[in-house]
Amino acid sequence: MNSTPSVRVRIAPSPTGNLHVGTARTALFNELYARKHGGSFVIRIEDTDKERSRKEYEEAIMEALTWLGLVWQEGPDKGGEYGPYRQSERTSLHKEVLLKLVQSGKAYVCYCAPKEKGERETHTCDCSATPGEINAAKRYVIRLHVEPQEVSFTDIIRGEVRVHTDSFGGDFVIARSVDDPLFHLAVVVDDALMKITHVIRGEDHLHNAIKHILIQRACGYEQPQYAHMPLLLDEQRRKLSKRAGETNLLAYRDMGYLPQAMLNYLALLGWAPKDNREIFSHEELVEAFSLERVQKGGAIFSVTKLNSINRHYLSQLSDEAFVEWAMKYFASQGTSDDTGQLQKAVLTERERASSYADISESLGWALPDWEPVYPVESLVWKKSTPPQTLELLRKTHEMIQGMDEEDFSVSVLQERIMEWIDTNELGRGDTLWPLRFALTSQQYSAGPFEITAALGKNETLKRLQSAITKLEDANLS
RNA sequence: GGCCCCAUCGUCUAACGGCUAGGACGGUAGAUUUUCACUCUGCAAAUCGGGGUUCGAUUCCCCGUGGGGCUACCA
């Protein structure tokens, strides 16, 4: 038999909301660690808070984890040897442990009133009922007996952490009743029963680790290795929360971020490889990852870097995949594309877009409801004059009129139009700016040939004519 | 308040105690370009402060300062 137990890690989200980006990162680090060591990654849904837990959140969480591309071996969706994987289905397990703890005197039933708000004295009382004598009519809790002492453990990321039990008031509550264990007890029991070897979680649990170790000792469990990761911060350097920005992972999918980009970005938050590399596939991350290289300080979740990484991955997509990605956005906006014009147009934003926000900003000209509303002067290039522009627009209209529909590809259009401009010495800027602007009415956009190709002959001529008319009517000098 | 954790460019980060503190994003200047973007070339930008230890400290130790987390009969 193998003497060293294989690595088993877990992520334990509570279905009281969508998957938080911070939780997603923790999940990723767990997954990477498990895969790196050929271990198992377990998902356990902590739905014991009956008030706030919702089934649809559990589904959203699983969907988000799947979207990110994480792979797990055991979970509520696929079962496993150490199930069930919903905490609410494990209460009998918890109860068993609880009873044993009380019977052995490691924990006791306590009828004392709840702690006052500012109270921080070490808890003392004479309560000592055994389970058989519990007076159900009276409110009670179950507390763990805690000998006043220094407790320390070695955190993989932080080194030695040492806390005195007095700092949290000694005997702490582990259950509201025999049927209602609290988080601390449930986590410890579940982790032990699921043979979790490494607990990798957020730094906000650092203090809890002490309580958890105390419970483990009382239960006679082996202590897992702990690794408390730095928190994800908002721009104000506070724990990333809903109020400071979007924290729902799936919202980023809906904003046009690719899962591989998000995965890559998340990995770089609090972790860095030995070399300067920043672009990593999932497999490459597994290869390069190590907990020892995880940062101790918190990291700000900032979308600018995510944008650049997303742009990189978008540029790696095939044309088909890129179109599919972009059209998903328009579909979500309820924009139909009967003519196929939008589909063609979308390609002009390749290597330019960072997310759907860019697509939506730059592709106005390709929308079915586009109208040529713009100030006439904008048609005139900065180094040109209105009469020149009018003249050139007329010539361009005439030139394009003479082209065949099948010549409307980017390369042919570019070749023909550029050659035409140069041989007639019309001036590239003087001609191309009004062309592009007449077609888009946008200050910034893709090049005129790409746009002409996407719009096709009829639409191009229509828009050029409209610009000519506008300019004539305006009668600028 | 108490307990704990942390500290390198604006941001994410690199640097066996030893090159001019490196890279990326962002910013900025320029080249290219009809515009924006892409690409290319430059530039600015950091070791929180004070003490030690050491030939030598971003790195180790102490103090201070700053930031953060936790302080539930939530998870």
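I count two residues as in contact if their C-beta atoms, placed from the backbone, lie within 7 Å. The model I looked at is predicted.

**Entry 1: helix 1 against helix 7**

With that cut-off I looked up where helix 1 and helix 7 touch. Ala24, Arg25 and Leu28 of helix 1 meet Leu263, Leu266 and Ala267 of helix 7. I sorted the residues of this contact by type and got five nonpolar, no polar and one charged. Helix 1 covers residues 21–36, and its axis comes within 10 Å of the axis of helix 7. The two axes cross at roughly 80 degrees. An angle from 65 to 115 degrees counts as roughly perpendicular, so I noted helix 1 and helix 7 as roughly perpendicular to each other.

**Entry 2: helix 7 against helix 9**

I stayed with helix 7, residues 259–267, and took its packing on helix 9, residues 303–316. Here the axes are 9 Å apart and the angle is about 135 degrees. That makes helix 7 oblique to helix 9. I recorded the crossing of these two helices as right-handed. On the helix 7 side the contact is made by Gln260, Ala261, Asn264 and Tyr265. On the helix 9 side I listed Lys305, Leu306, Ile309, Asn310 and Tyr313. By type, the residues of the contact of helix 7 with helix 9 are five nonpolar, three polar and one charged.

**Entry 3: positive phi**

Most residues other than glycine have a negative phi. Glutamate 351 is not a glycine, yet has a positive phi of about 65 degrees. I found glutamate 351 in the loop between helix 11 (341–346) and helix 12 (356–362). Serine 441, also not a glycine, has a positive phi of about 55 degrees. Serine 441 sits in the loop between helix 15 (428–440) and helix 16 (448–474).

Which of the two labels, buried or exposed, does serine 441 get? I counted 20 other C-beta atoms within 10 Å of serine 441. The cut-off for buried is 20 or more, so serine 441 is buried. For glutamate 351 the count is 11 other C-beta atoms within 10 Å. Exposed means 12 or fewer, so glutamate 351 is exposed.

**Entry 4: histidine 212**

I looked up histidine 212 and found it in helix 5, residues 206–219. Histidine 212 has 23 other C-beta atoms within 10 Å and is buried. Leaving out residues up to four places away in sequence, I found that histidine 212 touches His184, Val187 and Val188. I also took a distance from histidine 212 to glutamate 419, 207 residues along the chain. Their C-alpha atoms are separated by 76 Å.

**Entry 5: the chain overall**

I ended with totals. Chain A has 16 helices and 12 strands. Its radius of gyration is 32 Å, well over the 23 Å that the globule rule gives for 477 residues, so chain A is more spread out than a compact globule. I noted the span of the C-alpha trace along its principal axes as about 100 × 50 × 35 Å. Of the 477 residues, 36% count as buried. I then took the contacts in chain A with a separation of 6 or more and asked what share comes from residues 24 or more positions apart. That share is 77%.

Note on methods
Residues are numbered from 1 along each chain as its sequence is written. Chains are lettered from A and ligands numbered from 1 in the order in which they are written. This is a predicted model: local features need pLDDT of at least 70, side-chain atom pairs count only at pLDDT 80 or more; totals for chains, interfaces and linings use all residues. Helices (H or I, at least four residues) and strands (E, at least two) are DSSP runs, numbered from the N terminus. The radius of gyration is taken over C-alpha atoms; the globule rule is 2.2 Å times the number of residues to the power 0.38. Axes are lines fitted to C-alpha atoms, for helices over the stretch in contact, and angles run from 0 to 180 degrees between N-to-C directions. Angles under 35 degrees count as roughly parallel, over 145 as roughly antiparallel, 65 to 115 as roughly perpendicular and the rest as oblique. A crossing is left-handed if the near helix is turned anticlockwise from the far one by less than a right angle, and right-handed if clockwise. Ala, Val, Leu, Ile, Met, Phe, Trp, Tyr, Cys and Pro count as nonpolar, Asp, Glu, Lys and Arg as charged, and the others, Gly among them, as polar.
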